[in-house]
Amino acid sequence: ENLLFICVVFYIACIPIVNVLWKNYAAEKDVSSISYQNKITGTKENPFRVIMRSKHMVYLTAIIALSIVMSKLVEFQYGAIASSVIADEDQLTAFFGFWLSNLNIISLIIQLFITPRVVGLFGVGASLFFLPGGIFFGTAAMIIHPALWSAIIIRISDGSLKNSINKAGIELLFLPVPQEIKKQIKSFVDIFIDSIATGIGGIILVLLTFGLGFTIRQISLIMLSLLGVWIYLIFRIRHEYINAFRMKIEKHKPNIFKPAVDMTNE
């Protein structure tokens, strides 16, 4: 509980930093109008409608949402097993802190030394299989023996690969999206889709645990079925990714007049 006071100290330290930023960079400008202009740059159409008209964006959004739901299920299994094995609260806090710090270090190492080689060697499509593949091995371990070591494996697989190889692959999937709508779509996905997927993950956990009384093994079986959907979406988006690039190249052929973005034309 004392860690909360440390968090308060860090938040208080943000106050003078914000004041300096405001005085030196924002006070002389009309920030509200600038941010508003940035928001309306490109298309003013509803982002959800824009996404639904493109198979590439539908699959991309579904993959992002599914990865968030899976992450919540992984976190639940990891926390539930750790809490059942480690009874002392201080030891449990130390355990979570130890593995969280190591998880960030592993993710950083993968991002610096492995991600560029994986994406460069295997391509964008293949790099998207690493995260569901890692979660698959962790889930299989949970089904065989739901112990602390298997919980650590699935948590490391999810946390380290999600913020490294998978993150790079997701960012590259946005490349063929027209620049006029990319910023709006990414903001919509990062804020709205992330929140919705997090809520869905919580609802699923409530239904499975409190409603149906599922065990860790049974939840792992549900995760395997979701992994199958995830892998199917990756196969689909690989095809749409190539098509999106092909259409973008054809659109930007030289010596051809480029009209304004036609949102009705995929």
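Of the 266 residues of the protein chain, 35% count as buried, where buried means under 20% relative accessible area, exposed over 50% and partly exposed in between, with a 1.4 Å probe and protein chains only. The model is a predicted one, in which local features need pLDDT of at least 70 and side-chain atom pairs count only at pLDDT 80 or more, while totals for chains, interfaces and linings use all residues. Residues are numbered from 1 along each chain as its sequence is written, and side-chain values use heavy atoms, with hydrogens and water left out.

**Overall architecture**

- The protein chain contains ten helices and zero strands; helices (H or I, at least four residues) and strands (E, at least two) are DSSP runs, numbered from the N terminus.
- Along the sequence, the elements follow the pattern α-α-α-α-α-α-α-α-α-α.
- Among contacts in the protein chain with a separation of 6 or more, 81% join residues 24 or more positions apart; contact means heavy atoms within 4.5 Å.

**Cysteines**

- The structure has zero disulfides, a disulfide being a pair of cysteine sulfur atoms within 2.5 Å.
- Cys-7 is partly exposed, at 38% relative accessibility, and Cys-14 is likewise partly exposed, with a relative accessible area of 37%.

**Helix α4 against helix α7**

- Two packed helices are described by the angle between their axes and the distance between the axes.
- Helix α4 (residues 55–85) packs against helix α7 (residues 148–162) at an angle of about 150 degrees, and their axes are 9 Å apart. Axes are lines fitted to C-alpha atoms, for helices over the stretch in contact, and angles run from 0 to 180 degrees between N-to-C directions.
- The α4 and α7 crossing is left-handed; a crossing is left-handed if the near helix is turned anticlockwise from the far one by less than a right angle, and right-handed if clockwise.
- On the α4 side, the contact involves Ser-71, Val-74, Glu-75, Gln-77, Tyr-78, Ile-81, Ala-82 and Val-85, which meet Leu-148, Ala-151, Ile-152, Ile-154, Arg-155, Asp-158 and Lys-162 in α7.
- By class, the contact of α4 with α7 comprises nine nonpolar, two polar and four charged residues. Ala, Val, Leu, Ile, Met, Phe, Trp, Tyr, Cys and Pro count as nonpolar, Asp, Glu, Lys and Arg as charged, and the others, Gly among them, as polar.

- Tyr-78, in helix α4, is buried, with a relative accessible area of 7%.
- Leaving aside neighbours within four places in sequence, Tyr-78 is in contact with Phe-95, Phe-96, Trp-99, Ala-151, Ile-152 and Arg-155.
- Tyr-78 and Ile-153 are separated by 75 residues in sequence and by 9.2 Å in space, C-alpha to C-alpha.
- Leu-148, in helix α7, is partly exposed, with a relative accessible area of 21%.
- Leu-148 and Tyr-78 are 70 residues apart in sequence and 7.9 Å apart in space, C-alpha to C-alpha.
- Not counting residues up to four places away in sequence, Leu-148 touches Ile-81, Ala-82, Val-85 and Phe-95.

**Helix α5 against helix α7**

- The axes of helix α5 (residues 89–127) and α7 come within 9 Å and cross at roughly 40 degrees. This makes α5 oblique to α7; angles under 35 degrees count as roughly parallel, over 145 as roughly antiparallel, 65 to 115 as roughly perpendicular and the rest as oblique.
- The crossing of α5 and α7 is right-handed.
- Phe-95, Trp-99, Leu-103, Ile-106, Ser-107 and Ile-110 in α5 meet Leu-148, Ile-152, Arg-155, Ile-156, Gly-159, Ser-160 and Leu-161 in α7.
- By class, this contact of α5 with α7 has nine nonpolar, three polar and one charged residues.

**Two buried serines**

- Ser-107 lies in helix α5 and counts as buried, at 8% relative accessibility.
- Beyond neighbours within four places in sequence, Ser-107 is in contact with Gly-159, Ser-160, Asn-163 and Ser-164.
- Ser-157 belongs to helix α7 and is buried, with a relative accessible area of 13%.
- Ser-157 touches Leu-131, Gly-134 and Ile-135, not counting residues up to four places away in sequence.

**Helix α8**

- The buried residues of helix α8 (residues 165–173) are Ile-165, Asn-166, Ala-168, Gly-169, Ile-170 and Leu-173.
- These buried residues of α8 pack against α4, α5, α6 (130–144), α7 and α10 (216–251).
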